[in-house]
Amino acid sequence: MALTRLGAKRLRSMTLNSKRFWQSQGSDEDARVFLIEDGFEQSYAQVFANGDALMAGCKRGLVAILCDKSAATVTAYFGALRNGLVPLLLDADAKPAALNRIFAAYRPDYVFDPQGRGHEGIETVADLNAATLSASTEQQTPVPHPDNAVLLATSGSTGDPKFVRLSHNSLDTCTRSICDYLGLTHTRRCISLLPLHYSYGLSVLNTAAAARASFVISNHSVLDKDLWRLMAELGVTDLSGVPFIFEMLRRIRVPAEALQALECVTQAGGRLDPKLTRHFREKFGAEGIRFFTMYGQTEASPRISYLPPERAAEKEGSVGVPISCGEALIAETKAASGEGELLYRGTNVALGYAYSREDIARGDEFGGSLLTGDQVRIDDEGFIFIVGRRKRFVKLQGVSVNLDHVENLLKEANLDCIVVGRENLIIVCHLENMAEEITAVVAENFAFHPTTFRLQEVDTLTMNSNGKPDYAALSAQFL
């Protein structure tokens with residue numbers, strides 16, 4: 001743990017003496033290629049200039065960015081950061097009902113839509129090719145706290161209004177720490193397999209920018225031959241994915257030419273089956289490609305730990321050691337080893353949560369400490385092993401979903417049910433004659449893949465003696 005603390009001091013010093021990664025670094029560095037989309041290249045200087053022009057004249061406030069994988073989305077994001085606005089990152093393909101809940105809760109001052117759609121109560125003030133920036137017709141208050149940099153959802157595209165308030169410092173120090181352990185430099189070339197409104201996907205973009213590396217924008221999936229053709233053609237060096245992506249990768253043959261330039265593969269966003277972890281560690285290792293298992297939470301901007309490839313076989317099942325700007329402890333004892341709930345401390349910890357516009361004026365409520373809700377074991381070398389989860393969250397194809405939010409929406413529709421789940425599966429336990437109505441509410445609010453969602457009719461909804469849902473019993477029965 002001493003090495004971790006020394007690393008944190010070094011990184012804090014480095015960050016205080018340097019510019020934020022979204023600021024201009026000088027003509028030579030910013031002349032490098034940043035975005036590659038459909039064969040067209042843009043330098044950092046060009047992206048920054050376009051973002052500055054887009055946000056010119058905008059007062060400090062919230063800008064809801066409806067994110068897709070496009071240069072326009074990246075330009076709007078950096079334009080907001082550079083010009084004192086707080087990006088509220090949303091999925092451009094989210095259901096209208098989900099977006100409307102977020103808009104009602106946060107009353108954004110501006111909305112950036114890469115598809116140029118109209119939105120009620122706002123009028124277009126600028127455009128970027130087909131994309132539009134619109135402003136609210138009403139004065140919105142309060143103004144975001146000066147330290148607030150970005151608002152990121154804790155629950156994917158479901159419309160849950162719970163967001164994480166990241167500070168400028170938490171975003172910057174986490175990004176630089178990731179660049180440090182991955183050895184990222186301007187010679188690297190990353191690719192956009194993950195959504196940009198998702199903390200892991202945004203982190204891949206941020207680290208590329210901090211290193212002044214290139215970022216290839218692609219909407220191809222790993223099952224699409226065009227992805228591998230593009231990677232071979234452009235010499236992509238870095239690939240990042242969630243467990244769902246690696247499960248698909250296991251079933252296909254990746255062309256050898258697509259791996260020729262590959263230097264680094266990272267996995268996060270949930271637990272990958274140990275057999276698959278071993279398979280990819282050995283497969284990529286044989287090609288001289290480093291394979292990193294990583295762990296994090298949005299509240300940590302979003303990284304907590306990484307497993308160094310050279311220790312992966314020896315520490316199989318571990319999510320690694322803390323990144324250089326933080327430390328991991330057992331909450332119950334504050335000890336650096338043992339078993340209990342993971343307490344993470346670091347400069348990359350968020351300010352706190354927001355549930356509505358009123359919350360964005362709040363300052364630092366976490367104080368650099370994060371109770372993760374994960375039950376862990378930390379060995380005497382500081383390697384973290386997750387043994388269970390305490391929170392009512394599950395990962396669906398790498399995206400966190402709040403089971404309580406799903407259950408509450410169904411109950412608001414007068415549908416009495418209990419929602420349980422595990423990784424890549426949500427089950428709605430319900431009484432008879434409710435299936436059709438539940439399906440309709442879910443379809444209106446969520447975009448769950450059919451393989452990750454199931455209805456389960458029961459005779460009675462199991463409750464504890466205190467009258468609360470017995471999630472443990474139902475999970476044991478159906479999961």
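This is a predicted model: local features need pLDDT of at least 70, side-chain atom pairs count only at pLDDT 80 or more; totals for chains, interfaces and linings use all residues.
1. Helices H6 and H7. Helix H6 covers residues 168-182 and helix H7 covers residues 199-211. Two packed helices are described by the angle between their axes and the distance between the axes. For H6 and H7 the angle is about 75° and the axes lie 9 Å apart. Angles of 65 to 115 degrees count as roughly perpendicular, so H6 and H7 are roughly perpendicular to each other.

2. The contact of H6 with H7. On the H6 side the residues are Leu171, Thr175, Ile178 and Cys179. They meet Ser203, Asn206, Thr207, Ala210 and Ala211 in H7. Of the residues in this contact, 5 are nonpolar, 4 are polar and none is charged.

3. Strands of a sheet pair through backbone hydrogen bonds, either parallel or antiparallel. In the open sheet with the order E17-E18-E20-E21, the pairing is antiparallel. Strand E17 (326-330) and strand E21 (384-389) are the edge strands, each pairing on one side only. On average, neighbouring strands here are turned by 45° against each other, direction ignored.

4. Strand E20, residues 369-378, pairs with E21 in the antiparallel sense over 5 bridges.

5. E24 and strand E25 (residues 425-430) are joined in the antiparallel sense over 6 bridges, and Gly421 stands opposite Ile426 in E25.

6. How many salt bridges does a search of the whole structure find? The count is 23. In one of them the side chains of Arg212 and Asp30 meet, at 3.0 Å from N to O. Arg212 lies in the loop between H7 and strand E11 (214-217), and Asp30 in helix H2 (residues 27-30), so the pair ties together parts that are 182 residues apart in sequence. Both Arg212 and Asp30 are buried.

7. A partly exposed pair. Arg107 forms a salt bridge with Glu358, with 2.9 Å between the closest N and O atoms. Arg107 is in the loop between helix H5 (96-106) and strand E5 (110-113), while Glu358 is in the loop between strand E19 (352-354) and E20; the pair therefore ties together parts 251 residues apart in sequence. Arg107 is partly exposed, at 27% relative accessible area, and Glu358 is partly exposed at 43%.

8. Asp238 with Arg188. The side chains of these two residues meet in a salt bridge of 2.7 Å, N to O. Asp238 is in strand E12 (residues 238-241) and Arg188 in the loop between H6 and strand E10 (189-191), 50 residues apart. Buried means under 20% relative accessible area. Asp238, at 6%, is therefore buried, and Arg188, at 3%, is buried too.

9. A network. Arg311, Glu314, Lys315, Asp379 and Glu381 are linked in a network of salt bridges.

Methods. Residues are numbered from 1 along each chain as its sequence is written. Side-chain values use heavy atoms; hydrogens and water are left out. Axes are lines fitted to C-alpha atoms, for helices over the stretch in contact, and angles run from 0 to 180 degrees between N-to-C directions. Helices (H or I, at least four residues) and strands (E, at least two) are DSSP runs, numbered from the N terminus. Angles under 35 degrees count as roughly parallel, over 145 as roughly antiparallel, 65 to 115 as roughly perpendicular and the rest as oblique. Contact means heavy atoms within 4.5 Å. Ala, Val, Leu, Ile, Met, Phe, Trp, Tyr, Cys and Pro count as nonpolar, Asp, Glu, Lys and Arg as charged, and the others, Gly among them, as polar. Two strands pair if DSSP finds at least two bridges between them. A salt bridge is a side-chain nitrogen of Lys or Arg within 4 Å of a carboxyl oxygen of Asp or Glu. Buried means under 20% relative accessible area, exposed over 50%, partly exposed in between (1.4 Å probe, protein chains only).
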